[in-house]
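Trainee: I would like to go through this structure by asking about its parts in turn. Could you put it up?

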Amino acid sequence: MDHKDYIRLTACGLVGALTIGSFTVGAYAAPTAGITSYTANIATSSAAPTAGFSLALSQCAAAVEDEAVVAGAQPEVKKVETPVLKSEYEDKAVAVVDDYVNVRKKATTDSKAVGKLYKNNVGTVIGEKNGWYKIKSGNVTGYVKGEFVSVGDEKKLKKAGRRVALVDTETLKVRKGASTDSEVITLVPGGDDLTVVDESKEGWVQVSVNEGKGYVSSDFVTLSTEYTYAESAAEEKARLQKEKEEREAAEAAAAKATANQSVSSTGNSTSQKTEETGQTSSSGSDSGKSYSAPSGSSGSSVANFACQFVGNPYVYGGSSLTNGTDCSGFVMSVYANFGVSLPHSSSALRSVGYGVSTSEMQPGDIVCYSGHVGIYIGNNSIVHASNPQSGIKITSPANYRTILAVRRIF
């Protein structure tokens, strides 16, 4: 009988018969980690060389690997699918209407309207049924007829949204170029926000300001995309009631302020005590001008009063109609003379009173831009505290820049 060593390769699922001097391999499974145990039965009449045993063992491992390939028993390869990145616009819908479209409880025109999706309002599509989209927009969830919305249109959605840079430092410098060595063209107070024009330069953001386009350091702003959303029936009712109350309160305050105005005329000199300075302003004032007191409680009265201060200086952070003011300080101080208290912030002024469309602008309306604000005076013109070079002036057309909002007090 030949002398044989029997090797059992259990961990790799293999059983092989090893014969000294004549190596044979039986049937194998696919190899795994390696050999964990073996048994050997060697006849005493002829000893096998230990070196031969080690060599046979290594040859066995190689043979197992080769045999596995030949037999087709290769390790299973799992296919890993790379997830497809979904566009942020893919499930977004934007209203393409002149005014608004009803959001209904069910996918039928007979169903109850649960809210309104106004022009350029955005919602998330969560379903589709018989030519209707089920959307969620703000606090409103319901169905909108497909013909009144555009879904997944990146261009339209970008136009409907507004990329915003919120100023999170006390005073932000807006520069002509994307460098700290570049000229500062204007300053923006903390808490205001600016419309982003471009974000391609690392560390800098191009924004829209009254002086044109400028750059701000991305270290001092927080970037986000601002959309407008649907309004529920309850929200619409509450808004209309609030606007009515604010309008009545403003009219009452203006009437009281007008009644309390003290106007005295001496020859060609007119003096008045205004709330914006607490000082008497007359032809002998620093500005060398005389001013009429506000009268009435209408938008036209506001516009007429505001135009008197054309030519007076612009001062960043100021609120004096005669000695210097910035854009929001100008609007605030003009309305203060009518008994109406407004915030000293161009972004905050976008929320006062109630909104009207640009096609409905009337004298006295507050016209809001990115980082700027003025008062509409009619004839497609505004009066505003423009910049240090121009001071308070009249500009036409009113849409010389993109108008973000028009707010009416009276």
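Trainee: What are we looking at, and how many helices and strands does the protein chain have?

Mentor: This is a predicted model. The protein chain has 410 residues, and buried residues make up 40% of them. Its secondary structure comes to five helices and 28 strands.

Trainee: Which element gives the most residues to the largest nonpolar core?

Mentor: The core has 29 residues, and those touching the most other members are Phe330, Val331, Tyr335, Leu342, Ile366, Ile409 and Phe410. Elements that give two or more residues include α3 (233-260), α4 (299-307) and β24 (366-369). The most, five residues, come from α5.

Trainee: How many residues of α5 are buried?

Mentor: The buried residues of α5 include Cys327, Gly329, Met332 and Ala336. Phe330 is also on that list, and Phe330 touches Ala306, Leu321, Ile375 and Ile392, among others beyond four places in sequence. The helix is mostly covered, and the count of buried residues in α5 is ten of ten.

Trainee: Is Ser301 buried or exposed?

Mentor: Ser301 is found in helix α4. Leaving aside neighbours within four places in sequence, Ser301 is in contact with Ser295, Gly296 and Phe338. The cut-off for buried is under 20% relative accessible area. Because Ser301 has 14% relative accessibility, this residue counts as buried.

Trainee: With which side chain does the side chain of Ser301 make a polar contact?

Mentor: The atoms in this polar contact are 3.1 Å apart, and both belong to side chains. The partner of Ser301 is Ser298.

Trainee: Is Lys176 buried or exposed?

Mentor: Lys176 lies in the loop between β11 (171-175) and β12 (184-189). Its contacts beyond four places in sequence are Ser182, Glu183, Ile185 and Tyr215. Exposed requires over 50% relative accessible area. Lys176 is at 57% relative accessibility and therefore counts as exposed.

Trainee: What distance separates the C-alpha atoms of Lys176 and Lys213?

Mentor: Lys176 and Lys213 are 37 residues apart along the chain. The separation of their C-alpha atoms is 7.5 Å.

Trainee: Which residues form the nonpolar patch on the surface that includes Val184?

Mentor: Val184 is found in strand β12. At 34% relative accessibility, Val184 counts as partly exposed. The patch has about 200 Å² of accessible area together, and its members are Val184, Leu187 and Tyr316.

Trainee: Where do Glu246 and Lys242 lie?

Mentor: Glu246 forms a salt bridge with Lys242, and their closest N and O atoms are 2.5 Å apart. Glu246 is partly exposed at 31% relative accessible area, and Lys242 is partly exposed at 47%. The two residues are four apart, about one turn of the helix, and both lie in α3.

Trainee: How many residues apart are Asp193 and Arg162?

Mentor: A search of the whole structure finds twelve salt bridges. In one of them, Asp193 pairs with Arg162, with the closest N and O atoms 2.8 Å apart. The pair links distant parts of the chain, strand β13 and strand β10, and the separation is 31 residues.

Trainee: Which residues are linked with Arg162 and Asp193 in a network of salt bridges?

Mentor: Asp193 and Arg162 are both buried. The network of salt bridges joins this pair to Glu226 and Arg350.

Trainee: What is the relative accessible area of Asp365, which meets Arg408 in a salt bridge?

Mentor: The N to O distance between Arg408 and Asp365 is 2.9 Å. The pair links distant parts of the chain, with Arg408 in strand β28 and Asp365 in the loop between β23 and β24. Arg408 is buried at 9% relative accessible area. Asp365 is also buried, and its value is 2%.

Technical notes. Residues numbered from 1 in each chain as written. Predicted model: local features only at pLDDT ≥ 70, side-chain atom pairs only at ≥ 80, totals over all residues. Heavy atoms only, no water. Core = buried A, V, L, I, M, F, W, Y, C linked by side-chain atoms within 4.5 Å. Buried < 20%, exposed > 50% of the residue type's maximum accessible area, 1.4 Å probe, protein only. Contact = heavy atoms within 4.5 Å. Polar contact = N/O pair within 3.5 Å; in protein donor to acceptor, adjacent residues only side chain to side chain. Patch = residues over 30% accessible without salt bridge, like charges linked within 9 Å, V, L, I, M, F, W, Y side chains within 5 Å. Areas by Shrake-Rupley, 256 points an atom, 1.4 Å probe, with all protein chains shown as cover. Salt bridge = Lys/Arg side-chain N within 4 Å of Asp/Glu carboxyl O.
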